[in-house]
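Subject: Structure handover

Hi,

Here is the structure you will be taking over. My notes follow below it.

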Amino acid sequence: MAGRALTPVRAAAQAAQRISSSNLSLRIPTRNAGDELDYLILTFNRMIDRLEGSFQQMKQFSADVSHELRTPITAIRGQIEVALFTAQTTDQYREAMFNALQDVDRLSQLVRALFLLSQAESGQLVLQKSRLDLSEVVRDQVEQFQIPAEAAAVHLAADLPAECPAEVDRVQIERLISNLLSNALKFTPEGGQVLVTLRYAPSQTADQAAEHIEIIVEDSGRGIAAEHLPHIFDRFYRVPSAGAAPAPEQGLGLGLSFVAWIAKAHDGRIDVESVPGKGTRFIVKLPAPGIGSVSLELAAQPVEPIMNEL
Ligand SMILES: Nc1ncnc2c1ncn2[C@@H]1O[C@H](COP(=O)(O)OP(=O)(O)OP(=O)(O)O)[C@@H](O)[C@H]1O
Ligand SMILES: [Mg+2]
C-alpha cells in the first residue's frame with residue numbers, strides 16, 4: 001500500500017530529474033487531483049518559470065554584449081586597414097588613426113560600464129551611505145552641466161530647497177543625476193529648457209505623515225513615445241530614431257539601467273512621464289532620512305537582491 005501511495009511522487013520526481021538548463025521549458029505534469037502533491041508540483045513549476053525567465057535574460061544580455069562589442073571592433077579594424085593599405089597622405093593616415101582612437105574610447109567606455117553593471121548585479125557594489133545635504137549635491141551637478149548646456153544652447157535651471165538632509169551614497173547619487181542630466185541635454189534641441197527640482201513630497205502610503213524626497217529632471221525635448229517608455233530602463237535599449245540606425249548622439253543605452261539600479265538600491269524608485277515632441281520628466285523618489293530608523297525590526301529585515309527585477 002505504501003508503495004502504491006508513493007507512485008505519483010516517484011513519477012513527479014522522475015519528471016523533475018529530466019529538467020535541466022537545456023530544456024527549461026519542460027514542466028512536471030499535474031494530475032488534476034487537487035491534492036497536496038499537485039500543489040507541490042505547481043509550486044515547482046512556478047519556480048522553473050522564474051528560472052527560465054532569468055536564464056532568458058542572461059542569454060539576451062550576452063547576445064547584446066557581443067553585438068555591442070562587435071560594432072566598435074569592426075570599426076577599429078576598418079580604420080586600421082585604411083591606415084595600412086589606402087592612406088597616402090599624412091592627413092589621411094592621421095584621420096584614420098583619430099577615428100580608430102575614438103572607437104577604442106567607446107570600447108573602453110562600454111567595458112567600464114559593463115564591469116560596473118556586473119558588479120551591481122552580483123551585489124559587489126555596496127552603497128556607501130552617509131548623511132549629507134542633497135541640495136548641495138544637486139547644485140554641484142547642475143553647475144557642472146552649465147557649460148555643456150550653454151554649448152547646446154539649452155537653458156538649464158534648478159529649483160532647490162536651501163537644505164535637504166538625506167542619507168545616500170554620494171557617488172551613486174551624483175551618477176544618477178548626471179545620467180539624467182546628460183540625457184535631458186542630449187535629447188533637447190537648441191532653445192529648449194531643462195529643469196531640476198528637489199523637494200520633499202508626502203508619501204503615497206497610508207501614513208501621510210511620512211515624506212520622501214523627490215529629484216525631478218524635466219526637459220522640453222523630443223519626448224519618448226508611449227510604446228518605448230516601458231523599455232528605456234532595459235540595458236542597451238535606445239529609442240530607434242526615424243532613420244534605421246540609432247542616431248550618433250545616442251550612447252550605449254546603459255545610463256538608465258544604472259539610474260534604475262541606483263534608485264532601487266536606495267529603496268527608492270524612478271518614474272517617467274513623457275509627451276512626444278513636448279518633453280520628458282523623470283521623477284526619482286528616495287526615502288527621507290529617519291524613516292528607516294523608526295523601527296529597529298524593519299531595519300533588521302534581510303535585504304532582497306536588487307538587480308533581479310531589472
Ligand atoms: N530625456 C530624454 N528625452 C528623450 N529620450 C530619452 C531621454 N532620456 C532617455 N531617452 C531615451 O532612452 C534611451 C535610453 O537612455 P540611456 O540613458 O539608458 O541610454 P543612452 O543615453 O542612449 O546611452 P548612455 O546613457 O549609456 O550613454 C535613449 O537612447 C533615448 O532614446
Ligand atoms: Mg544616457
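α4 crosses α6 in the right-handed sense; a crossing is right-handed if the near helix is turned clockwise from the far one by less than a right angle, and left-handed if anticlockwise. Helices here are DSSP runs of H or I with at least four residues, strands are runs of E with at least two, and both are numbered from the N terminus.

This is a predicted model: local features need pLDDT of at least 70, side-chain atom pairs count only at pLDDT 80 or more, and totals for chains, interfaces and linings use all residues. Residues are numbered from 1 along each chain as its sequence is written, while chains are lettered from A and ligands numbered from 1 in the order in which they are written.

Back to the helix pair. α4 covers residues 134-144. Its axis lies 10 Å from that of α6, at an angle of about 45 degrees. Axes are lines fitted to C-alpha atoms, for helices over the stretch in contact, and angles run from 0 to 180 degrees between N-to-C directions. The two helices are therefore oblique, a class left over once under 35 degrees counts as roughly parallel, over 145 as roughly antiparallel and 65 to 115 as roughly perpendicular.

From α4, the contact uses V137, V138 and Q141. From α6, it uses R170, I173, E174, I177, S178 and L181. Contact is C-beta atoms, placed from the backbone, within 7 Å. By class, five of these residues are nonpolar, two polar and two charged. Nonpolar covers Ala, Val, Leu, Ile, Met, Phe, Trp, Tyr, Cys and Pro; charged covers Asp, Glu, Lys and Arg; the others, Gly among them, are polar.

Next, the strands. Pairing needs at least two DSSP bridges between two strands.

- β4 (193-202) and β5 (211-219) are antiparallel, with nine bridges. L195 faces E218 of β5.
- β5 and β7 (279-287) are antiparallel, with eight bridges. E218 has R281 of β7 as its bridge partner, and H212 has P287.
- β6 (269-275) and β7 are antiparallel, with seven bridges. D271 is opposite I283 of β7.

The β6-β7 hairpin has three residues between its strands, and G277 takes a positive phi near 85 degrees there.

Last, the ligand. Around ligand 1 there are 21 residues, of which F187, V239, G251, G255 and L256 come nearest. Elements giving two or more residues to this shell are α6 (170-186) and α7 (255-265). The largest share, three residues, is from α6. The shell holds nine nonpolar, nine polar and three charged residues.

Best wishes

Methods:
A residue is near a molecule or strand if its C-beta atom, placed from the backbone, lies within 6 Å of it. Two residues are in contact if their C-beta atoms, placed from the backbone, lie within 7 Å.
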